[in-house]
Amino acid sequence: MEFIDPAISAYAEKHSTPESSALQELNRETHARVLMPRMLSGHLQGRVLSMFSHMIRPKLILEIGTYTGYSAICLAEGLIPEGHLHTIDINDELQPLVKSYISKAGLENKITTHYGNAVNLIPALQGPFDLVFIDADKINYSNYYKLVFDKVNSGGYIIADNVLWSGKILEDTGKTDKDTRALQDFNEMIRNDKRVENVLFPIRDGLMVVRKVST
């Protein structure tokens with residue numbers, strides 16, 4: 001994930017709006033107690049997600065991949081007053097931690113958590129969504145995109161994390177592991193989808209930002 005000089009990255013964080021006290025605490029606890037803390041969005045990416053959400057002003061958000069709830073809290077900051085966020089994760093062992101920090105952020109009435117296989121849960125969720133954030137198992141990125149596309153409003157957004165995959169997406173497609181190949185295929189699918197406009201931002205591990213322009 002280290003695409004930018006650490007000093008530049010630290011400078012960018014220093015000159016960005018700080019995390020809230022709840023997010024700071026969640027950041028620390030995730031790194032201290034939870035496996036694979038690099039999965040956390042973190043300060044800079046979290047502020048980017050919050051900024052996008054504030055710009056879009058969504059009424060309904062879907063997040064695929066909750067982890068410890070950091071990105072859900074960031075995204076929910078931009079909801080309109082009557083807005084709501086649904087977040088899905090396969091690992092229900094983190095549910096008590098997630099719920100405690102959603103409560104500390106004062107968002108318990110704004111965020112609903114779902115646990116189980118997202119492929120099975122997404123069809124039952126009622127849209128339309130103004131914003132979808134995909135940050136789950138890489139093998140299913142293309143499946144998630146296809147499942148949510150018709151549930152996204154025209155002019156709505158789909159954002160996918162980790163699309164640069166620590167630079168591994170530059171490797172020869174015939175020699176990559178299954179996760180890398182899945183992300184390569186996903187990026188190509190987006191590039192060739194005439195129904196959308198997209199920008200791949202080299203923020204942290206890569207954010208693919210997609211705007212739906214037609215059905």
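Me: How do the residues of the lining of the largest cavity divide by class?
Reply: Happy to start there: in this predicted model, the lining of the largest cavity has four nonpolar residues, six polar and one charged. Met39, Leu40, Tyr67 and Asp135 are among the lining residues.

Me: What makes this space a cavity?
Reply: The term is used because a 1.4 Å probe fits there but cannot get out. The largest cavity has a volume of about 50 Å³, and a search of the whole structure with a threshold of 30 Å³ or more finds one cavity.

Me: Which residues lie nearest the centre of the largest pocket?
Reply: Those are Met36, Met39, Asp135, Ala136 and Asp137, out of 31 lining residues. The largest pocket has a volume of about 740 Å³, and its lining has 14 nonpolar, seven polar and ten charged residues.

Me: Why is Met39 called partly exposed?
Reply: Its relative accessibility is 38%. Buried means under 20% and exposed means over 50%, with partly exposed in between, so Met39 counts as partly exposed.

Me: How far apart are Ile64 and Phe133, in sequence and in space?
Reply: Ile64 and Phe133 are 69 residues apart in sequence, and their C-alpha atoms are 6.2 Å apart in space.

How values were computed: Residues numbered from 1 in each chain as written. Predicted model: local features only at pLDDT ≥ 70, side-chain atom pairs only at ≥ 80, totals over all residues. Heavy atoms only, no water. Buried < 20%, exposed > 50% of the residue type's maximum accessible area, 1.4 Å probe, protein only. 1 Å grid on protein atoms, 1.4 Å probe; cavity = no way out; pocket = protein on both sides within 12 Å on 5 of 7 lines; lining within 4 Å. Points joined across faces, edges and corners; volume = space filled by probe spheres on them. Nonpolar A, V, L, I, M, F, W, Y, C, P; charged D, E, K, R; others polar.
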